[in-house]
Amino acid sequence: MDNFMSNIDFLLSRFSCGSLTQPAPNDDELHQILSTAMRAPDHGRLRPWRFVIIGKEYREKWVRSLEKILTKPDSCYPPAYITKIVQNFSNAPLILALGFRQFHDDKTSISLDEQLMAASAATMNILNAVHVLGFGAKWITGPNDVPEITELLGLKKPYRMIGFMFIGTPVEGSEAPPRVSVDDYVANWQGNAVNFKIDS
Ligand SMILES: Cc1cc2nc3c(=O)[nH]c(=O)nc-3n(C[C@H](O)[C@H](O)[C@H](O)COP(=O)(O)O)c2cc1C
C-alpha cells in the first residue's frame, strides 16, 4: 500500500519543466524511460510511436542545421522566435523528436486520430518516467511542421511529428504550477447530459 501511495504521489507531483540543466538521463536511464513508452495503449497494436534521440555529440550539428533552415529567405518564422528556439535547443540537456508512423486505410482500420492518441499516450508515459527517475522534461511543439526539418530527422511522410521533448535536471527552485480542481472537469452522469462546472 505504501508503495502505491508513493507512486500516486509521483504522478501527482509531475510538472513540465523548461528550465533544465545537466545531467540528462544516461543511456540506461533513457532506455528505461523509452521502454515505458512501449507500454502505452495502442489500438490494433500498431506501435505507431517513433522517437529520435538527438544526443550531445550531434547537438551542434542539429542546432546549426535548424538555424539554417529556419532563417531561409522564405521562412515564415519571425527572427525573435528563431533566436528563442535556437537558444532553447542549444541549452536542452537532451532532445527527443516525437513522432508517429501513419498507417493508412489500406493497411489498417485504425484511424489516424487513434494512432496520434497512442503516440501521445506514449509521450505522456515518457514524461512520467522522466519524473520518476528524478529528471524534468517539457514537451514543445517547436518547428515540427517544417518539411526540411522533418526530412532532416527522418520523420517525413509516412511519419508525422508531434513535437519535441527537452529532458534534463530541473534547475534549482523549479516548482509545479498550481493545479486545477478535479471537480471542475469531471461530472457524474445521472441519466441526463452532464454539465461541467468549468464550462457553466
Ligand atoms: C502537444 C503539446 C504541445 C505543446 N507545445 C508547447 C510549446 O510549443 N511551448 C510551450 O511553452 N508549451 C507547450 N506545451 C505545454 C507544455 O508541454 C506544458 O504542458 C505546459 O507548460 C504546462 O505544464 P504542465 O505540464 O506542468 O501542466 C505543449 C503541450 C502539448 C501536450
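Colleague: What makes Asn91 part of helix 4?

Modeller: Asn91 falls within residues 79–91, the run that makes up helix 4. Helices here are DSSP runs of H or I with at least four residues, strands are E runs of at least two, and both are numbered from the N terminus. Bear in mind that this is a predicted model: local features need pLDDT of at least 70, side-chain atom pairs count only at pLDDT 80 or more, and totals for chains, interfaces and linings use all residues. Residue numbers start from 1 along each chain as its sequence is written.

Colleague: Why is Asn91 called partly exposed?

Modeller: A residue is buried if 20 or more other C-beta atoms lie within 10 Å of its own, exposed if 12 or fewer, and partly exposed in between, with C-beta atoms placed from the backbone. Asn91 has 15 within 10 Å, so partly exposed it is.

Colleague: How do you know that helix 3 and helix 4 are roughly antiparallel?

Modeller: Helix 3 (residues 59–70) packs against helix 4 at about 170°, with the axes 10 Å apart. Axes are lines fitted to C-alpha atoms, for helices over the stretch in contact, and angles run from 0 to 180 degrees between N-to-C directions. Under 35 degrees is roughly parallel, over 145 roughly antiparallel, 65 to 115 roughly perpendicular, and the rest oblique. Helix 3 and helix 4 are therefore roughly antiparallel.

Colleague: Which residues make that contact?

Modeller: On helix 3, Trp62, Val63, Leu66, Glu67 and Leu70; on helix 4, Ile82, Val86, Phe89 and Ser90.

Colleague: How do you know where Arg14 and Trp139 come up in UniProt?

Modeller: An unreviewed UniProt entry lists a "binding site" at Arg14, Phe15, Ser16, Arg39, His43, Trp139, Ile140 and Thr141. These are spread over 128 residues of sequence and up to 27.5 Å between C-alpha atoms. UniProt positions use the numbering here, feature names are shortened, and annotations may be inferred rather than shown by experiment.

Colleague: Why does Arg14 count as partly exposed?

Modeller: Arg14 has 16 C-beta neighbours inside 10 Å, so it lands in the partly exposed class. Arg14 sits in the loop between helix 1 (2–13) and strand 1 (20–21).

Colleague: And why is Trp139 partly exposed?

Modeller: Trp139 has 19 other C-beta atoms within 10 Å, so it is partly exposed too. Trp139 belongs to strand 4 (residues 136–140).

Colleague: What does Trp139 touch?

Modeller: Contact means C-beta atoms, placed from the backbone, within 7 Å. Leaving out residues up to four places away in sequence, Trp139 touches Ser16, Thr123, Leu127, Gly163 and Met165.

How values were computed:
Two residues are in contact if their C-beta atoms, placed from the backbone, lie within 7 Å.
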